[in-house]
Amino acid sequence: MSRVRSNEQTKEHLHKVVAEMYDKMVKGEAPTMTLPVRTKNNITFDSKLGVYKYGKRKSVRDATSLGSAKQLLRALHVVEFIEDMIDSGKSSTLREMYYISEGWGYGKFGSQNDSNNLAEDLEVITKCMREDFKLRPEEDGSRIIGNLTINELNRRGEWMRINARDDVGDSGYGVPYNVESEKLELLEHDIDFIMAIETGGMFDRLIENGFDEDYRCGLVHLKGQPARSTRRIIKRMSEEWDLPVVVFTDADPWSFRIFASIAFGAIKTAHISEYLATPSATYLGVTSDDILAYDLPSDELSKQDIQALESQKSDPRFTDGWWREQIEMMLEIGKKSEQQSLAKYGLDFVTDTYLPEKLGELGLA
Amino acid sequence: MGIADDLASKQKQASISEFFEKNKHFLGFDTLQRSLITAIKEGVDNSLDACEEARILPTIRVEVKKVDSKRDIIEIVIVDNGPGIPRDSIEKVFGQLLFGSRFHAIRQSRGQQGIGITGVVMYNQLTTGGTTNVVSKIASESMAVSMDIGLDTKRNKAKKSNESRVLWNEDEDEQASGLKVTARLKAKYQKGRQSVWQYLRMTSIVNPHADITFIDPDGEVSHWPRVTERLPRKVDSIKPHPRGIELGQLRRMLEITKQPSLSSFLRFEFSGVSTRAAKEMCEVAELAESPKIHLHKRKPSGIKKEEIRSLVEVFQGQKGFIKGYRGSKEKHTYVEGAKKPGMPGEKVSDLMHKTIMSELTGKGIDDAIAYVKNHTDFYWEESIQELEEKILSKVGEGPWDENQTDLVSKYMRREWDPRVTFQEVKLLNPPTDCLSPIEEMLIKKGLSKAIDSRFVSTITRSPNVSHGNPFQIEVGLIFGKGMPADSHVEVLRFANRVPLMYQQGGCLLTKAIEEVSWKQYGLEQPGGKGLPKGPAAVLVHLASTNVQFTSEAKEALADNEVVFEEAKKAMQEMGRNLKKHLAKRKKLEKTREKFELINDILPAIAEKSAGILERPIPDLSKSITSIMSAVIAECDTTWNKETKNTDVEIRIFNYTSRSRAYSILAKWPEKEGATLENNEVGGRKEVTGVWTWKLPTLEPGQQYKITYSLGGLEKGDWTETEIFYRGSGDIIGAMEMDEKLVKQIRDQEKAESEPVVNEENETSQEVEHSEPASPPKEKGQMTLTGGDF
């Protein structure tokens with residue numbers, strides 16, 4: 001990313017976290033760790049950046065309960081671990097760190113989710129990125145297919161030129177976890193827009209039907225909630241090549257959330273929204289009204305679905321009128337549909353009818 | 001009693017085998033599965049009873065072997081170390097149906113429920129045609145006697161064969177005394193809730209003094225060891241109490257008694273009848289048509305049928321005295337078919353006046369008299385006449401206008417006082433020392449050995465009386481891991497130490513469990529009613545001289561309000577203990593967490609942060625005080641294998657910023673015979689079972705330790721010590737002392753230690769039958785925390 005800090009800066013920021021705990025103990029108090037509240041109630045729209053960022057609300061984690069105290073101790077272990085990696089020029093995956101924590105005694109993580117969250121906590125407090133911490137996710141990015149060419153620095157230190165249509169197999173170009181310019185360059189393209197697709201099934205259907213060539217687009221498989229690198233490369237393609245981005249997902253509250261993380265920024269990563277979010281992205285479908293308009297096979301909303309929709313009503317990212325309508329409508333009809341339910345009308349319906357109609361509305365087909 | 005009489009009379013007409021065949025459903029031999037359990041039950045009950053009578057700690061072995069799976073032939077072997085049976089009595093014991101002494105004696109015995117060991121011999125013979133082998137050794141003889149017992153069904157007599165003298169060795173040791181019964185039966189072995197295994201397991205719970213081994217058909221051995229050397233108390237038999245007597249029984253008793261008069265018969269053949277009561281009963285029972293000689297002087301054998309019936313009505317409290325009419329002195333008479341006295345109220349009120357006005361205005365004398373009669377349960381004709389005459393002379397016979405009715409009302413209210421009360425002949429409660437409860441600590445042990453779990457609470461209620469029968473309820477609850485959390489709790493029902501395994505739903509004891517609202521005590525209870533769910537087992541034991549069953553199958557207890565209430569109260573008390581335990585466990589968990597926090601985590605944070613920043617490790621004492629900001633008590637109660645003592649260590653930490661002064665109090669099983677040893681801190685006795693130590697002032701950050709040992713206990717007797725405190729500011733891990741309760745217990749102890757005067761004074765002990773006798777406030781009933789330790 002463009003804002004990689006120097007190792008010394010990173011250490012300094014981390015030491016501030018440690019010093020907060022230390023100073024409290026010197027004063028005869030319980031050690032603490034102060035961090036921004038990471039809920040939807042504490043994200044606000046940053047009009048300068050066009051994305052959602054954390055607000056001013058802070059929460060204090062103090063060592064008066066066993067759980068919080070263990071969190072503080074873990075944070076210290078993580079800080080020590082990061083410093084070690086910085087000093088020895090190594091990096092590790094979050095999962096590796098989780099396993100390494102087995103040897104941390106009382107500071108051992110309970111689950112990998114714990115270790116991921118703590119890494120994020122430190123990112124948020126220090127305003128560093130996990131790349132600064134030499135930590136990387138083990139989750140790979142997604143796949144891309146389309147007539148676009150990328151230059152990637154391979155592990156032998158050589159730049160490889162890859163065309164995501166001609167140089168790849170059916171599974172497409174695999175996006176690496178680091179997509180910053182020192183690792184990946186966007187060379188050239190001959191497409192009109194980028195389409196991000198939620199499910200692998202639909203991604204494969206469009207490829208089999210040759211949709212990328214027929215409609216001159218790049219297809220990105222999101223794999224559910226998209227990884228940071230996926231969101232980052234979408235943003236780079238959109239900005240550097242000035243391409244519109246459309247998002248094609250299921251019609252359910254979780255898909256709405258996926259779209260929000262691409263377009264507005266995710267709640268969990270709101271500290272780096274300006275690097276990950278693509279404010280210009282458009283939600284293509286499946287929309288709530290599509291369920292009715294196309295008479296799609298559908299499922300009843302579950303309790304959790306309804307809860308998620310109700311919660312989205314008070315999510316600042318969904319305040320715009322169109323989204324309110326979508327959410328209200330879904331609650332009203334009480335139904336959700338998958339992308340692949342379009343197959344009701346045959347395998348080609350999605351490429352021959354549905355997408356052209358939807359893209360037509362946007363002036364892209 | 002019913003069966004014995006039935007059988008005795010029926011035996012004269014029908015052959016014993018015919019009778020057995022006809023009645024096997026209620027003798028417990030109805031299905032092949034149940035027959036096996038019943039046969040073993042009869043054998044084991046016999047063994048336990050015999051051992052108890054001979055004061056021998058029972059060691060019992062039960063074996064079940066499949067002999068012929070196709071024809072469902074099973075061999076059972078029951079071996080005990082009891083007194084054995086002398087050679088000449090073996091035939092009688094095994095061949096005689098239901099003539100055991102237990103059917104006449106009123107006392108708590110296992111044998112109330114069943115046909116006895118003869119049933120096994122008979123079932124063996126009926127289903128396989130074979131005989132039952134008996135090996136018996138009595139201590140005074142050097143060799144055992146072995147014989148095969150069969151039944152001569154025509155003459156209803158046992159016949160022996162193959163008699164010989166044998167050497168009896170068990171595990172290569174010579175058996176000192178005992179009995180070994182080997183029988184072959186048509187039966188089916190099954191596992192599960194209604195199995196031999198479950199029967200023996202339950203038996204071992206309520207017989208903690210017994211050592212029981214079971215070998216199943218696959219050769220698998222289950223062993224329930226003896227957990228106490230204490231034999232159950234020897235129970236005395238008592239005379240019947242009039243409240244529990246039926247007509248037929250009274251008739252028979254009158255026939256066979258040697259007492260010269262009815263009043264001495266009542267006085268000496270029954271319990272609870274004083275000389276005065278005997279005389280009163282006779283007076284009340286006397287009928288108009290009775291012979292001239294007063295009933296109490298008559299010979300028991302000469303009492304007529306109607307008089308016996310009348311006497312039973314007096315026994316049942318249906319006949320009695322009317323007392324207190326118009327303040328006159330007590331006057332004996334009896335009332336037939338008495339209803340509830342006291343109508344229309346305690347005092348004739350204004351309301352009464354209004355009612356009379358509205359009912360009688362415009363009416364006449366006949367209506368007024370009818371009104372009085374309708375609204376009074378008991379009255380004398382002469383007093384009604386008095387009232388009638390008065391009204392007639394002053395107001396006339398009516399119809400009356402309003403003013404006249406007002407006058408009538410006045411006379412009625414003045415003359416007619418409905419404050420008459422009906423009184424039964426006062427009887428004393430029967431003695432309760434005929435009961436042998438298992439007692440709290442032993443139930444606890446029994447439960448703990450059969451179920452591996454954490455928390456056990458047991459309660460033995462004080463004896464109570466219902467219909468002249470003394471009874472006592474005991475309950476136990478075991479809770480914790482090792483039991484399924486999502487299914488109904490296991491119910492273990494017992495009557496006089498005998499497991500009840502069938503008809504759980506229809507049993508009074510089950511109903512009492514279901515009636516309790518367990519939710520408030522921390523167990524799940526869907527719908528707020530019914531059997532609770534959770535990792536728990538509930539034990540209920542009814543000890544009684546007369547256990548009432550719903551049917552001859554003798555597997556479910558019949559409804560009885562007094563017993564039900566007792567059982568429910570016991571459950572609730574136990575529930576409160578469970579609730580307390582759960583709350584305590586939660587608190588302990590929290591305390592444990594806090595200690596982990598300050599002992600392990602905080603120092604690690606200090607060390608790590610200092611290391612990263614390359615600064616000195618900070619002093620943590622102030623941080624610890626600010627994190628804990630509490631006084632904390634920890635207590636360990638552990639069994640010391642070497643000294644055979646129970647060691648207790650109490651630690652008090654002051655993690656506050658102020659100095660604190662406390663007295664610490666701990667419960668210990670003083671009443672159970674424990675001794676307090678190695679108590680170096682000293683202290684003093686607070687009340688029985690509670691010791692107090694006054695601690696020196698604890699400065700911030702200081703701690704203090706109290707250690708002592710408890711002697712005279714067995715392993716598992718005392719596993720948790722409850723501690724209390726006196727002083728300002730909470731202590732986590734201890735409860736604040738309830739001073740009121742301490743005073744109450746102290747007063748109670750003082751009262752108990754004073755000699756009881758007027759022990760012979762009847763009036764002070766008389767208890768009216770119809771009310772459930774309030775549980776005598778005995779020691780043991782009141783404890784600091786309700787009996788759980």
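Visitor: Across which strands of chain A does helix α7 lie, and at about what angle does it run to β11(A)?

Guide: This is a predicted model, in which local features need pLDDT of at least 70 and side-chain atom pairs count only at pLDDT 80 or more, whereas totals for chains, interfaces and linings use all residues. Residues are numbered from 1 along each chain as its sequence is written, chains are lettered from A in the order in which they are written, and side-chain values use heavy atoms, with hydrogens and water left out. Helices (DSSP runs of H or I, at least four residues) and strands (runs of E, at least two) are numbered from the N terminus, and axes are lines fitted to C-alpha atoms, for helices over the stretch in contact (heavy atoms within 4.5 Å), with angles from 0 to 180 degrees between N-to-C directions. Helix α7 (residues 228-240) lies across β8 and β11 of chain A, and its angle to β11(A) is about 45°.

Visitor: What is the strand order of the open sheet in chain A, and which strands are at its edges?

Guide: Two strands count as paired if DSSP finds at least two bridges between them, and β8 (residues 148-153) pairs with β11(A) in the antiparallel sense over 5 bridges. The open sheet of 3 strands has the order β9-β8-β11, with antiparallel pairing. Each edge strand pairs on one side only, and these are β9 (159-163) and β11 (184-189) of chain A.

Visitor: How much area is buried between chain B and chain A?

Guide: Buried area is the accessible area (1.4 Å probe) that two parts lose on being put together, summed over both. The contact joins 24 residues of chain B with 26 residues of chain A, and carbon and sulfur atoms give 73% of the buried area, which is about 2,100 Å².

Visitor: Which residue of chain B meets A:Asp23 in a salt bridge?

Guide: A salt bridge requires a side-chain nitrogen of Lys or Arg within 4 Å of a carboxyl oxygen of Asp or Glu, and the rule finds 3 of them across the interface of chain B and chain A. In one of these, at 3.5 Å from N to O, the partner of A:Asp23 is B:Arg615.

Visitor: Which residues stand opposite B:Ile632 in β20(B) and in β27(B)?

Guide: Strand β19 (residues 630-640) of chain B runs antiparallel to β20 (residues 645-655), joined by 11 bridges, while β19(B) pairs with β27 (residues 731-732) in the parallel sense over 2 bridges. For B:Ile632, the bridge partner in β20(B) is B:Phe653, and the residue opposite in β27(B) is B:Ile732.
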